[in-house]
Amino acid sequence: MSDELTQPKKRSSRLRRVTVLACLVLITQYASLITAQGQPAFFEPTEHYYKAKGRGIAVRWEVEPKAVHVGRDLAVTLVITGAQNPTEIVKPDLGKLKAFDQFVVTAVSDLPRDASAKEVRFAYKLAPRSTDVKQVPTLQFFYSNPVAAPGPKQFPSTRTNRDVDAPLTVLEAPKVERPIVRLEAPESLFRAATGRGVIGSEPFVPRRWAWLAAVLFGPLMAFGWFLAWRRVFPDAVQLARMRRSRAARRATDAIRKAHRAPDPVAAVANAVLGYLRARFPLRDAAVTPSEIAADLKELNVPEEIAEQVGDVFRVCDRARFAPSGDNGLSLAAGAEAAVARLESLA
Amino acid sequence: MNGLARLAFSVVAFFCSAAPAFGSSPEDILAFAERAFAEGVALRDDSEIAKPAFARAAVHYDELWERGYHTPDLVLNRSRAHRLAGDLPRGIAAIHDGLAVARFSRPLQVELDDARARVLYPIEGELTTQGRPRQVRTVGTRMSPADAWVVSGFVWLLACAGVVRFAMTRNALWLVFVAFWVIALGSLGALWLQDARQRERDESLPLLIVTADVTLRKGNATEYPARIEPALPKGAEVRGLSRRGGWVQVQLPGGMIGWIPEAAIIPCGP
């Protein structure tokens, strides 16, 4: 029973050993291949291989035109003949190839390919960057030969420009005249203010004081006008006051100038009498100091002032008819004081 | 050697044209601006050469404005230089800057109307209705504060003179005269008050100028649909409401609200 159980286990472990051994042999064989030739037996090129299959594939460039200006496009077509799988061939990306750095490569869409087509055509637009470009660069083209034995010979290569170069004449880019466009705008826009005024002061904006001045200006002007008008056209009271003040002024002036007169005392007396007659309705008969004082009292002049006025005339009479040591100056001062006191009554 | 000489000339020319804006006197900057503007005018037959000259002039005028020279003449020069340099939005913004200082200036109003007419709104449609700014003509746009000061002072003077005439003549007609001028003064004051309130309401939101054709959207991302078609033209005037994530919520003059990228606007005005 135990033998029956252990038999399959032994068999499976033997099978496992054989399998491992076989794998080791295979790996060893494969490794020897790599070390011997440097590459695997099923080598497939990493570059310039575009999945084309065939026994004798040929590639060539078709370039139109042969002369071009710098920066202008050339119509370049890669023609592949002899391929057995036209629909599977990958279009070479020339923009990624270093040899084509001297061109600006523009991809152009191609026509749909037919599986039975004898040739495949890939179109490009190449614009040379400088006049140093003399031809379309050679393109190396690996393909797969399905009848070749496995190994490097399974992927032969061909190239364009094999028999003939594809010469190019690249000319300097023609100088394009820049279109000159006039700046169109309303004529007023072309006028600019000049001079210091451009950075002058800002527009005047009245502040609070300016508004206050405007408010006060009207009433002040009106009041001034009113005062001037009242001065030009005074009323009766004012007229009387002006008249009175005029008489007093005249009398005072005369008293002050009396010392220049031949008879200063008489001049003072006359000045005071003239003032009294202009200011008070004295009787014509009142000529003596007592009569004048009496008339003034009757006209409601205070007795003291009336007597002071009478004294002025008495002193004048004394000075004229009985000259004493009194000089004209004290006399004039007394007369002026009397006039001033009378004027203050008005 | 020839190349070196050309390089040296370029460096000198660059500093001659650009340096004045930095640290020079206002007179120097003004002189450079005027020279650049005159150069642009002289070269106007070739717009490709003339525009950079006007752009240089605009930079110098901007510098003067930044330094606080806020005169209507400078505003006009600044706006014209920007417009001739091909930058209509900045031209409009310059006029609004000026109107914030002198909104009564008639030349500035005319210039703004002209600039607004160059903004490429559709001939008709909702965008035109919503987007075109409305002309506001109030007492504040027709009369400067200085004019108002002179006029109101004169009217007040007439009223006071009427009172004096009445005192002189005792003729009641003079009281009617006084009443007329007092009413006129009151009306002028009321108009100014109303204008000040209206202005306060209108200008409570910042004014923004659209610098590139941009779609007004319903939200602050390009995934949101357009609020209105077609796109707002450059030079359109909008009021800013709020900002979020590089977008600004704006209101068109017609009242429509939407979002535009922050990079597509410049601020201006008060």
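**Notebook: rings, sheets and helix pairs**

I began with the aromatic rings of this predicted model: ring pairs link A:W61, A:F100, A:F103 and A:Y124 into a cluster. I took rings of Phe, Tyr and Trp (its six-membered ring) as paired if their centres lie within 6.5 Å.

Conventions, for the record: residues are numbered from 1 along each chain as its sequence is written, and chains are lettered from A and ligands numbered from 1 in the order in which they are written. Local features need pLDDT of at least 70, side-chain atom pairs count only at pLDDT 80 or more, and totals for chains, interfaces and linings use all residues, while side-chain values use heavy atoms, with hydrogens and water left out.

**Charges over rings**

I stayed with A:Y124 and looked up what lies over its face: A:K91 does, at 4.7 Å from the ring centre. In chain B, the face of B:F32 has B:R35 over it, at 4.9 Å from the ring centre. The criterion is NZ of Lys or CZ of Arg within 6 Å of the ring centre and within 35 degrees of the ring normal.

**Sheets of chain A**

I used DSSP runs for helices (H or I, at least four residues) and strands (E, at least two), numbered from the N terminus. Two strands pair if DSSP finds at least two bridges between them.

I traced an open sheet of 4 strands in chain A, in the order β2-β4-β6-β5, with antiparallel pairing. Its edge strands are β2 (58–64) and β5 (103–107), each pairing on one side only. Neighbouring strands here are turned by 30° against each other on average, direction ignored; for such angles, axes are lines fitted to C-alpha atoms, for helices over the stretch in contact, and angles run from 0 to 180 degrees between N-to-C directions. I noted 7 bridges between β2(A) and β4 (residues 74–81) of chain A. Within β4(A), A:V79 stands opposite A:R60.

I then looked up an open sheet of 3 strands in chain A, with the order β1-β7-β8 and mixed pairing. β1 (49–53) and β8 (157–159) stand at the edges with a single partner strand each, so one side of each is left without a neighbour in the sheet. β1(A) and β7 (residues 140–144) of chain A run parallel and are joined by 2 bridges. A:S144 in β7(A) is the bridge partner of A:K53.

**Strands of chain B**

I found β1 (residues 207–210) joined to β2 (residues 237–244) of chain B by 3 bridges, in the antiparallel sense. B:R239 in β2(B) stands opposite B:L207. β2(B) also pairs with β3 (residues 247–251) of chain B, antiparallel, over 5 bridges. I checked the hairpin of β2(B) and β3(B): it has 2 residues between the strands, and B:G245 takes a positive phi near 55°.

**Helix pairs**

I compared axes for α9 (residues 145–169) and α10 (residues 173–202) of chain B: they are 8 Å apart, at an angle of about 160°. The two are therefore roughly antiparallel, the cut-off being over 145 degrees. Their contact residues divide into 19 nonpolar, 3 polar and 1 charged.

In chain A, α5 (residues 289–298) and α6 (residues 303–321) pack at about 160°, with axes 8 Å apart. α5(A) and α6(A) are therefore also roughly antiparallel.

Conventions
Angles under 35 degrees count as roughly parallel, over 145 as roughly antiparallel, 65 to 115 as roughly perpendicular and the rest as oblique. Ala, Val, Leu, Ile, Met, Phe, Trp, Tyr, Cys and Pro count as nonpolar, Asp, Glu, Lys and Arg as charged, and the others, Gly among them, as polar. Rings of Phe, Tyr and Trp (its six-membered ring) pair if their centres lie within 6.5 Å; planes under 30 degrees apart count as stacked, over 60 as edge-to-face and the rest as tilted.
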